[in-house]
Amino acid sequence: MHPKAAKSGNRRFGRNRFAPKPTSSKRDCSANRVKTFFSTSSCLHRSICILHCAKICFLPLHYRFDQSSTSQTVPFVIEESLIGKYIMRGLNEVQKLKAFCKSLPKVELHAHLNGSISFDTIQELVTLKREIFPEFEGLSDVEKTLLQPKDVLTMDEVFKLFPIVHSLTLHKEAIELATTRVIEEFAADGVMYLELRTTPKATAHMTKMDCIQAITSGIKNATTGPRAIVVKVLLSIDRSRGLKDAQDTVELLKQFVQKGESLIIGVDLSGNPKVDGRQYLPLLTTVREMGLKITLHLAELSNYIEELDALIAFKPDRIGHGTFIHSHGNASTVQFVSKHKIPLEICLTSNELCGTTKTVADSHFKIWKKLANPVCISTDDKGLMGSDLSNEYFRAAQAFDLSRLDLIDCAKTSLKAASLQHDDSTFISLKERLDFFEKECISIALKS
Ligand SMILES: [Zn+2]
């Protein structure tokens, strides 16, 4: 979420889409047990599920992921410290739901690198900057106060954090460290596939190329070894940096594509939503002709939607936020999104913090779900907004009365919307992992 995007009926969803229609009384009973097991109101069954889901996470399975240009075998390993959380007895309902969200293999499609940097990593970046630039005196007292852990963050506080992160990520060593840590944290949160986006910047200490190379190095650091996460990159075009800056980014992108670099898979249009995005359409067409994916931040603000028809007609692969499409877009535009099932990346906490949705329950998530349009639960800026992807799933479950199976379905929807070919070996492996998780959950439910 860009700072400029900040803005000055709770409906229930059917939650049993997954359960097969029973044909006999025995199956009736089984189906009901699955239904009960996965419903948000069941207690005992779900506590068993948590235990078994924990076991699923620890199974010594091996899948092949095409992580970059070279394939590697990645075992499913979750940090040992998480075991206790899953197998601990006496969890209350909220804790059980949280544990399920954590154990679910998730897909993150809308994560900005800078906004995803945690407070712990910010401290590391301060130390690193001190080492490289001895004249740097560290953070001011006001900045240190902003970085104190808080239970509740305000929009004002969050947007004061962005300049701090920006000032600490002006050199390539910082970009590499930040990328590494962000990926490690997503992996620890049970994210199995991550599309990380950032605007490559030239500064006094690095070129744009240095910046991109530092990101790819960070990805290689964080995904080498037994960490079950696949990471791809979207290069962001910042609306407010102008056409020349965007052209430079696309030129660099061409060089990476020509070298066969498979980590960078597309382009994101982001930045100040008050700047008209239509000027970037010819460039985005060039990107598409290169065989890359395109996702556009759209309709973040209700009063800046003149561009909407043209950008939707471009038929992006995904839409970031799209908060006011249903309410302020033309009917034909809403129909176009719905007809082509263009996935929306929806970031509940971010929208709430920025005031573009009043509460999570008021989110446009429910509108698009009702239209059977793909919605991808995402974080936007997990580090600075203090909400990881498990928490976003948890909040969605609570606000929209989603069952365990609905949550698995959300992860599947995101995977389907990822910038991967569906016959790609990485996609197939990830899909197998989710299918396996789902099958095991149902099997446990039937046995319980
Ligand atoms: Zn965003």
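**Exercise 1. Which residues of helix H8 are buried, and how do they lie around its axis?**

Solution. 
- Start with the list: the buried residues of H8 are Val158, Leu161, Ile164, Val165 and Leu168. Buried means that 20 or more other C-beta atoms lie within 10 Å of the residue's own; exposed means 12 or fewer, partly exposed in between, with C-beta atoms placed from the backbone.
- Look down the axis. The buried residues of H8 fall within an arc of 110 degrees, so they line one face of the helix. The arc is taken from the directions from the helix axis to the C-beta atoms.
- Recall the geometry: an α-helix has 3.6 residues a turn, so residues three or four places apart point the same way.
- Turn to the face away from the buried side: Asp156, Pro163 and His166 are exposed there.

The model is predicted: local features need pLDDT of at least 70, side-chain atom pairs count only at pLDDT 80 or more, and totals for chains, interfaces and linings use all residues. Residues are numbered from 1 along each chain as its sequence is written.

**Exercise 2. What does H8 span, and which helices do its buried residues pack against?**

Solution. 
- H8 covers residues 155-168, which is 14 residues. Helices are DSSP runs of H or I with at least four residues, strands are runs of E with at least two, and both are numbered from the N terminus.
- From first C-alpha to last, H8 reaches 21 Å, close to the 20 Å expected at 1.5 Å a residue. The expected value is 1.5 Å times one less than the number of residues.
- The packing partners include H6 (119-132), H9 (172-188) and H16 (348-354). Contact requires C-beta atoms, placed from the backbone, within 7 Å.

**Exercise 3. How many bridges join E7 to E8, and which residue stands opposite Leu298?**

Solution. 
- Count: 4 bridges join E7 (293-298) to E8 (318-321), in parallel.
- Leu298 stands opposite His321 in E8.

Technical notes: Two strands pair if DSSP finds at least two bridges between them. Two residues are in contact if their C-beta atoms, placed from the backbone, lie within 7 Å.
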